[in-house]
Amino acid sequence: MGRGMTATPQPQLRLAAPEDTAALADLARRAVSAKFQHLYKPEDFATFMEAAHSDAKVAKEIADPGMSVAVIEEDGALIAFCKLVLQSTLSAGYSDALRPLELKQLYTDPERIGGGLGKRLMDWALAEAAQHGADEIQLTVYSENVEAQRFYHRYGFAKIADIEFWVGNHCDPEFLYARPMAPKDHGEGHGLAAAEQV
Ligand SMILES: CC(C)(COP(=O)(O)OP(=O)(O)OC[C@H]1O[C@@H](n2cnc3c(N)ncnc32)[C@H](O)[C@@H]1OP(=O)(O)O)[C@@H](O)C(=O)NCCC(=O)NCCS
């Protein structure tokens, strides 16, 4: 790099801390609203948002030892996040996995979609799943969210069941996706680069 040039720091992926609560809940509400709000009656959407994305709910998730929440930060602002539930409760009756882990939410700031932030979070989620000895990683995706489905297929996820997702009093068809963790996922060489380790 020539003299006078400064490196632009790469957005940093790290674990969420209690101080991130307000910013994370705000990002989640903006991202979820941008993608899904138009599909629902205002009262159903408001009920859902309060239950799933209030500051109080987000604070509880960050503090939960059974969860792992990652954020990507740039210039002091959060621009993407995902949440892991270390023992998935999604699959009862649908999967034989013994130690399934759930990827609960994965969102990029609506203005940053398509810039590789989702890939960084997914790589982190897969590495975390390996580190926790998970034999499967599971998630749910809206049946008509074909863009996210394409994203998940790229990482080896496939649909294993049709399920339901409630938004207030509105029930949507939803897909349960799973991606088996192969033994090699748990071996060396799958770790994150040093800068990514959290
Ligand atoms: C899914 C998502 C987290 C991926 O993050 P990202 O930072 O855009 O990811 P990357 O840049 O690494 O990958 C881009 C891929 O994301 C997917 N994607 C792009 N736009 C999308 C959108 N509006 N909604 C959902 N997924 C999208 C596509 O598969 C895209 O691949 P493509 O460029 O070949 O079409 C992000 O697009 C997002 O927040 N989408 C809206 C919310 C959502 O649907 N979340 C998943 C809920 S199950």
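This is a predicted model: local features need pLDDT of at least 70, side-chain atom pairs count only at pLDDT 80 or more; totals for chains, interfaces and linings use all residues.

Reader: OK, and which residues are closest to the ligand?

Author: T108, G118, K119, E147 and F151 are the closest, out of 18 residues that surround the ligand.

Reader: Which element gives the most to that shell?

Author: α5 does, with four residues. At least two residues each come from α1, β4 (100-108), α4 (117-131) and α5 (146-154).

Reader: Let's zoom out. How many helices and strands are in the protein?

Author: Five helices and seven strands. Going from the N terminus, the order is β-α-α-α-β-β-β-α-β-α-β-β. Of the 198 residues, 30% are buried. And if you take contacts between residues at least 6 apart in sequence, 68% of them join residues at least 24 apart.

Reader: What's the mean pLDDT of the protein?

Author: The mean is 91, and 90% of the residues reach 70 or more. Residues 188-198 are another matter: pLDDT stays under 50 there, and the model has 14 contacts beyond four places in sequence for that stretch.

Reader: Noted. Now helix α2: which of its residues are buried?

Author: F48, M49 and H53. Looking down the axis of α2, those buried residues fall within an arc of 100 degrees, so they line one face of the helix.

Reader: Why would residues a few places apart point the same way?

Author: An α-helix has 3.6 residues a turn, so residues three or four places apart end up pointing the same way.

Reader: And what do the buried residues of α2 pack against?

Author: α1 (21-36), α3 (55-63) and β6 (158-167). The face turned away from the buried side carries the exposed residues E43, E50 and A51.

Reader: Next helix, then. Which residues of α3 are buried?

Author: V58, E61 and I62 are the buried ones in α3. They cover an arc of only 100 degrees around the axis, which puts them on the same side of α3. A56 and K60 are exposed on the other side. The cover over the buried residues of α3 includes α1, α2, β2 and β3.

Reader: Switching topic: which residue has a positive phi although it is not a glycine?

Author: D75, with a phi of about 50 degrees. Most residues other than glycine have a negative phi. D75 sits in the loop between β2 (67-74) and β3 (77-85).

Reader: Is D75 buried or exposed?

Author: Exposed: D75 has 8 other C-beta atoms within 10 Å, and the cut-off for exposed is 12 or fewer.

Reader: Last one. How many residues apart in sequence are Q131 and H186?

Author: 55, yet their C-alpha atoms are 6.6 Å apart in space. Q131 belongs to helix α4 and is partly exposed, with 14 other C-beta atoms within 10 Å.

How values were computed. Residues are numbered from 1 along each chain as its sequence is written. A residue is buried if 20 or more other C-beta atoms lie within 10 Å of its own, exposed if 12 or fewer, and partly exposed in between; C-beta atoms are placed from the backbone. The arc is that of the directions from the helix axis to the C-beta atoms. Two residues are in contact if their C-beta atoms, placed from the backbone, lie within 7 Å. A residue is near a molecule or strand if its C-beta atom, placed from the backbone, lies within 6 Å of it. pLDDT is the predictor's confidence in each residue, from 0 to 100.
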